[in-house]
Amino acid sequence: MIDFTWKIGGEAGFGVMTTGVVFSKIATRSGYNIFDYVEYPSLIRGGHNAYEVRVSDQDAVCLDNKIDILVCLNKETFEKHNHRLLKESLIIYDKNEFELDCEYKKIHVPFDQIISNLKGSSVMKNTIALGASIAVIGGDINILLNIIEEQFKKKGEEVISFNKKFAELGYEAVTKNFSNLTKKWLSKKTEILPKLVITGNDAFSLGAVIADSRFYCAYPMTPSSSVLATLASWQQKNKMVVRHAEDEISVINTALGASFAGVRSSVGTSGGGFALMVETVSLSGVTEIPIVIFLSQRPGPATGMPTWTEQGDLLFTVHAGHGEFPKIILAPGDQQEMIELTTKSFNLADIYQLPVIVMSDMYLSEGHKSIEKKVVDKIFKDYKVDKGKIVNTKKKNYLRYQITEDGISERLIPGTPGSFYQANSYEHLEDSHTTEESKYRLEQVNKRGQKWTTYLKQDFCLPKIYGDINKATYVFVSWGSTKGIILEAQKNLDKKGLKTAFIHFNHIYPLDKNKVKDLFKNNKKYILVENNSWGQFGKLLLQETGVEIKERILRYDGRPITVEEIVSQVIKL
Amino acid sequence: MSTLQDFNGYSPTWCPGCGNWGIGIALKQALIKMNYDPSNLALVFGIGCSGNMNDFINAYAIHSLHGRSVPTAIGIKIANHKLPVVVIAGDGDCYGEGGNHFLHACRGNHDITIVTHDNGVYGLTTGQVAPTASRGYKSKSTPTGIIEIPINPITLAITSGATFVAQSFAGDAPHMIEMIKKGIEHKGFSLVNILQPCVSFNKINTYQYYKERTYKLTSDYDSSNFKNAVNKSLEINKEKFPLGIIYETTRPTYTEELNQLKEDTLINRKRFEDIDSVLTDFI
């Protein structure tokens, strides 16, 4: 079985991040699966950047604890990450730049010399590093050369061949002098299915396109910003309109206006931006205008730690918006779920005419996972745009907020001849005029509330259970992006003879009280796992169902929970 | 052709003598003159006495949040750029709470018309000072007089990139009708700032006050000259109020600049189905 981790580190601003993605693509183009993650400070220059890729011939669902190959573009990389090296781990570095006094297997690559010989710039260190890495793991250098061709296609043959030289010299530096240390970890598979290397943000972007969302509005905020960049880069192709507005308040109100006019719309932000949007979340609730909000969390409060990860905004999101109105919250567990649930979120917003919030976090938003292209093709093929009770024909005595059994009223597209209505921020009558009368207030509050009941009946999904809950001693309970890490921890615990199950929630709110309660009837040791300090999902579960989980594994230093932490804590129990 | 009756909603609840009455009628008359009916345009209301017009006029509309009518209107326009979009907002709404949106809407030359009810006070919350009130104006929230100097919405709009900037007076219905009509006809961002007495709370900026200090621009005034227009607008700082089109120019509108909308409106275009063309980025 192939399962190794490659990590590269260097000074921020010198291309470590793009190098990481290229490495991931080399692995998938060789027929393997990847999971990767990036660490970087909230700086453009001067800090430490690191990127690690786990490569496997099985499904790679999270990071590993060990590092098999560490590419040190500076000495700091070694100092920061050597605690995860094994005795047999390989280090790629330039001994002319710094010496490493250690037992690990050292591979000297003369980065500086190659660059000065070819009169290249220091960014090209990355290309050398990729060439050297491919040699070390026994990969096909042509895959890298092809990627270089694709990258510099627009710049012409001269630039392409110039860049290729750096890759080739890096490759040769290893094959010539260190062939005794090279591995066969990335031998090209005979059958290679096309795979996508995507982040959670990419997955949201794809989901929005598949769902026929035509308007996206955002203000840049880490870690959600790449959705804005990705969708903006596609808009000439797919004719989506992408607006970078003056602030998050404008963002969500613009999107709500577009949605009122009949266009599927979404916005994206992180916790601070979402805080600014909250009044309009409430407006969406009362006017019953659909909106999809992508919320990628980072550690708060306030500016917090912008480039790190946390699941700290769950309770804020659940309670976001003044007054009482229904909303739906989804939290995908990985890239594939992100595509699926994003496409679902647009249908839900239209069907129930309310705000739907899709939650992510830096870990899911910026880490890549490979996914077979045919999986995405199938999601697209199977997807049906369901706009719910939307109408665009002339209606006699049309009532925008008509009382109905399911709580959902017909939504007329503005501009439809022969009719009119207002989407009213104030409490209103069925015909949308303002009212403060008790009778009508009650009618409308109940009507809006009814939408939750309908949703729970029609579209709510119970959490997926991984492992056999009947045989399990321990049952993990978690939500969103922790999925892969817990799945991996289950495997490790299984090897140690400990049987576990895992209840993973991705339909977060509202919860079906009775059905969810039933999942906790077994006499098991339930363990709550969350990337925050309060155990926010545990609190929500208690609030909504009365179920209290006492055992908790929480991490809140901005880093994702690791498999090892979970395993060691369970063993201690 | 539509009639006043078609546009009439509930009977207004504005105070007797309030300038809103005149503005409300002028808006309806302008729409009738332009052959609109309640089904083929969109109105966006802010929150305040002016925003309460939502129930008094029939049309596809959003009664939005305080300060947020402008971005809401921009969204409607982007989704269906063939629909005329008019914003009804107050001065506190548009220049205070929503000041940032106002600036950026001017820059973007979004093809919307803002009809601002500029009365210098927050009427609906019983008369606190608004951003357009004269320095020293005493109100419940500024008992010793406001320290800030007033916003000059006309100068602000012209210098921020608005392509149509007009001023009118709530006591002159024919003039308002003309300005609103020209504003809606204009391609691009248009502001019609309407000076409006608040009979209940503003005892300074009365009908009499404005009658003495407003004057109509004459036909020899060149509204296409930027510097000229800025200078003209600065008269407001000396309590002299020009009425008419103060500045007018042409620049492609926001939606005209969007290639995506060249062939059809965003709402009417076909679904994009060439998913492969975006998936290639990730292989």
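This is a predicted model: local features need pLDDT of at least 70, side-chain atom pairs count only at pLDDT 80 or more; totals for chains, interfaces and linings use all residues.
**Exercise 1. Which strand of chain A is joined to β2(B), and how many bridges join them?**

Residues are numbered from 1 along each chain as its sequence is written, with chains lettered from A and ligands numbered from 1 in the order in which they are written.

Step 1. Find the strands: helices (H or I, at least four residues) and strands (E, at least two) are DSSP runs, numbered from the N terminus. Two strands pair if DSSP finds at least two bridges between them.

Step 2. Strand β17 of chain A, residues 422-424, is joined to β2(B) by three bridges, and the two run parallel.

Step 3. Pick out one bridge: A:Asn424 has B:His63 as its partner in β2(B).

**Exercise 2. Describe the side of chain B that touches chain A.**

Step 1. Look for the elements involved. Those of chain B that give two or more residues to this side are β2 (60-63), α3 (69-79), α5 (99-108) and α11 (276-279). The most come from α3(B), with eight residues.

Step 2. Sort the residues by type. Here Ala, Val, Leu, Ile, Met, Phe, Trp, Tyr, Cys and Pro count as nonpolar, Asp, Glu, Lys and Arg as charged, and the others, Gly among them, as polar. On the side of chain B that touches chain A, 24 are nonpolar, 15 polar and four charged.

**Exercise 3. Is A:Trp452 buried or exposed, and why?**

Step 1. Locate the residue: A:Trp452 belongs to helix α15 of chain A, residues 438-458.

Step 2. Recall the cut-offs. A residue is buried if 20 or more other C-beta atoms lie within 10 Å of its own, exposed if 12 or fewer, and partly exposed in between, with C-beta atoms placed from the backbone.

Step 3. Apply them: A:Trp452 is buried because 20 other C-beta atoms lie within 10 Å.

Step 4. See what A:Trp452 touches. Not counting residues up to four places away in sequence, these are A:Pro326 and A:Pro510.

**Exercise 4. Where does A:Pro510 lie, and what kind of peptide bond joins A:Tyr509 to A:Pro510?**

Step 1. A:Pro510 sits in the loop between β21 (507-509) and α17 (513-518) of chain A.

Step 2. The bond between A:Tyr509 and A:Pro510 is cis, with omega about 0°.

Step 3. A:Pro223 is in the loop between β8 (215-218) and α8 (225-238) of chain A.

Step 4. For background, most peptide bonds are trans, and most residues other than glycine have a negative phi.

**Exercise 5. What is phi of B:Thr126, and where is B:Thr126 found?**

Step 1. Phi of B:Thr126 is near 75°, a positive value in a residue other than glycine.

Step 2. B:Thr126 is in the loop between β5 (121-122) and β6 (128-129) of chain B.

Step 3. B:Thr126 counts as exposed because it has 11 C-beta neighbours inside 10 Å.

Step 4. Now B:Glu239: phi is near 60°, a positive value in a residue other than glycine. B:Glu239 lies in the loop between α9 (226-234) and β10 (241-248) of chain B, and B:Glu239 is exposed because 12 other C-beta atoms lie within 10 Å.

Notes
Two residues are in contact if their C-beta atoms, placed from the backbone, lie within 7 Å.
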